[in-house]
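Good morning, and thank you for coming. Please look at the sequence and the structure on the screen while I speak.

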Amino acid sequence: MGAAELGGEPGERASLVQFSSAFCQPCRATRRILAEVAALVEGVAHIEIDAERNLGLVRALGVEKTPTVFVLDAAGRIVRRAEGMPRKADVIAALGAAL
């Protein structure tokens, strides 16, 4: 996936892509966790996508609930996927597969 699909510039080394919805409480906490990890690891971007406004992409990727997080490598390939609010340690470990 590239900038056109993501609606934002992917990271040089990896991207944390979060699908969220407006009234999702766990999405807010997930946003904070992913932003912290992206700030810690050079070359990693956090991109949040509004699931309700991007139904085509939601359907294409099989997103069934929010938050859903994808870890993309530098080429935009999905290397990990998780549903629900992740733990910070799990996000860092998942990034290892992309870097």
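Predicted model: local features only at pLDDT ≥ 70, side-chain atom pairs only at ≥ 80, totals over all residues.

I begin with Ser 21, which counts as buried because its relative accessibility is 18%. Buried here means under 20% relative accessible area, exposed means over 50%, and partly exposed lies in between, with a 1.4 Å probe and protein chains only. Residues are numbered from 1 along each chain as its sequence is written, and side-chain values use heavy atoms, with hydrogens and water left out.

Ser 21 sits in the loop between β1 (14–20) and α2 (25–40). Helices (H or I, at least four residues) and strands (E, at least two) are DSSP runs, numbered from the N terminus. Not counting residues up to four places away in sequence, Ser 21 touches Cys 27, Glu 52 and Thr 66; contact means heavy atoms within 4.5 Å.

Thr 66 and Pro 67 are joined by a cis peptide bond, with omega about -5 degrees. Pro 67 belongs to the loop between α3 (55–61) and β3.

I turn now to helix α2. Its 16 residues should span 22 Å at 1.5 Å a residue, and the end C-alpha atoms are 24 Å apart, which agrees. The expected span is 1.5 Å times one less than the number of residues. Which residues of α2 are buried? They are Cys 27, Ala 29, Thr 30, Ile 33, Leu 34, Val 37 and Ala 38. As background, an α-helix has 3.6 residues a turn, so residues three or four places apart point the same way. The buried residues of α2 pack against β1, β2 (44–50), β3 (68–73) and α4 (88–98).

How do α2 and α4 meet? Their axes come within 10 Å and cross at roughly 45 degrees. That angle makes α2 oblique to α4. Axes are lines fitted to C-alpha atoms, for helices over the stretch in contact, and angles run from 0 to 180 degrees between N-to-C directions. Angles under 35 degrees count as roughly parallel, over 145 as roughly antiparallel, 65 to 115 as roughly perpendicular, and the rest as oblique.

From α2, the contact is made by Ile 33, Leu 34, Glu 36, Val 37 and Leu 40, and from α4 by Lys 88, Val 91, Ile 92 and Leu 95. By class, this contact has seven nonpolar, no polar and two charged residues. Ala, Val, Leu, Ile, Met, Phe, Trp, Tyr, Cys and Pro count as nonpolar, Asp, Glu, Lys and Arg as charged, and the others, Gly among them, as polar.

Lys 88 is placed in helix α4, and at 33% relative accessibility it counts as partly exposed. Leaving aside neighbours within four places in sequence, Lys 88 is in contact with Ile 33, Glu 36, Val 37 and Leu 40. Lys 88 and Ala 75 are 13 residues apart in sequence, and their C-alpha atoms are 23 Å apart in space.

Val 41 is in the loop between α2 and β2. Is Val 41 buried or partly exposed? With 21% relative accessibility, Val 41 counts as partly exposed. Beyond residues up to four places away in sequence, Val 41 touches Arg 13, Leu 95 and Leu 99.

In strand β2 we find Ile 49, which counts as buried because its relative accessibility is 4%. The C-alpha atoms of Ile 49 and Phe 19 are separated by 4.8 Å, although the two are 30 residues apart along the chain. Neighbours within four places in sequence aside, the contacts of Ile 49 include Val 17, Phe 19, Asn 54 and Leu 57.

Finally, Arg 77 lies in the loop between β3 and β4 (78–83). At 54% relative accessibility, Arg 77 counts as exposed. Arg 77 is in contact with Val 71 and Leu 72, leaving aside its neighbours within four places in sequence.
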